[in-house]
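Work through these exercises with the sequence and the 3D view side by side. Try each task before you read its solution.

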Amino acid sequence: MEVITPHARYSAGQVVLCTDAWANTLLEPLGTTVPLTVLDQQVTYFEPADPARFAPEVFPVWIWLDDPSFFGFPCYGEPTVKAGEDCGGPEVRPGNRTGTTDPMMLERLCDFMAERLPGSGAPVRSKRCLYTLPPDRDFVLSPVPGADRVLVGLGAAHAYKFAPTLGRMLAELADSPALASTEPYTAFRLDRPALTDAGYAAHWMT
């Protein structure tokens, strides 16, 4: 197959689309879309008075599973603790996010950090990022129905924890498309009920 860009024309046996919030922009011309919700997440960096208390050797990557749910990381690369509210941002289109700090989201996170992680310090900066969520918050690693030389890779907003495995699985599918009908690949297909049943109730708690 050929992929044509403004700069060149490329030929390939398989194409893997890992385009996250922009996935449907490329899938729609192929007659397929994925029911995705895109959230404008916010993460904040806190400056502890004693960074050694939050060093990787003594402080873990963590998640607080509740409603709301929060997550965070130890100091790494700089003396700050990174934290955020999981699935707490507003729904957006990829092209219309503001990039500005949401004061209500910041206040909610600061209250949690002060109560549960005293000593994590004051917030020093916040950043926004996109969460791209299928209704079941599971991965999509699948050929496109009717265009099986195109593969889709979607990480469901937590691919960073599984990046080596997801990369290997997508490479295996590209090399052997028949694997898509075998376990464990069948769980991540585009034709699973969570992606094809219009009445499927979204749930994002992991």
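**Exercise 1.** How many residues does the largest nonpolar core have, and which have the most contacts inside it?

*Solution.* Start with the ground rules. This is a predicted model: local features need pLDDT of at least 70, side-chain atom pairs count only at pLDDT 80 or more, and totals for chains, interfaces and linings use all residues. Residues are numbered from 1 along each chain as its sequence is written, and side-chain values use heavy atoms, with hydrogens and water left out.

Next, the term. A nonpolar core is a set of buried (under 20% relative accessible area, 1.4 Å probe, protein chains only) Ala, Val, Leu, Ile, Met, Phe, Trp, Tyr and Cys residues joined through side-chain atoms within 4.5 Å.

Now the answer. The largest one has 14 residues. Leu27, Val34, Val140, Val144, Val152, Leu154 and Leu190 have the most contacts inside it. Strand E10 (147-154) is one of the elements that supply at least two residues. E10 gives the most, with 4 residues.

**Exercise 2.** Is Gln41 buried or exposed? Which backbone nitrogen does its side chain reach?

*Solution.* Gln41 counts as buried because its relative accessibility is 1%. Its side chain reaches the backbone nitrogen of Gly89 at 3.0 Å.

**Exercise 3.** Which side chain makes a polar contact with the side chain of Ser126?

*Solution.* Find Ser126 in strand E8 (residues 122-133). Its side chain pairs with that of Thr44, at 2.7 Å. A polar contact is a pair of N or O atoms within 3.5 Å; within protein, one must be able to donate a hydrogen and the other to accept it, and residues adjacent in sequence count only if both atoms are side-chain atoms.

Conventions. Buried < 20%, exposed > 50% of the residue type's maximum accessible area, 1.4 Å probe, protein only.
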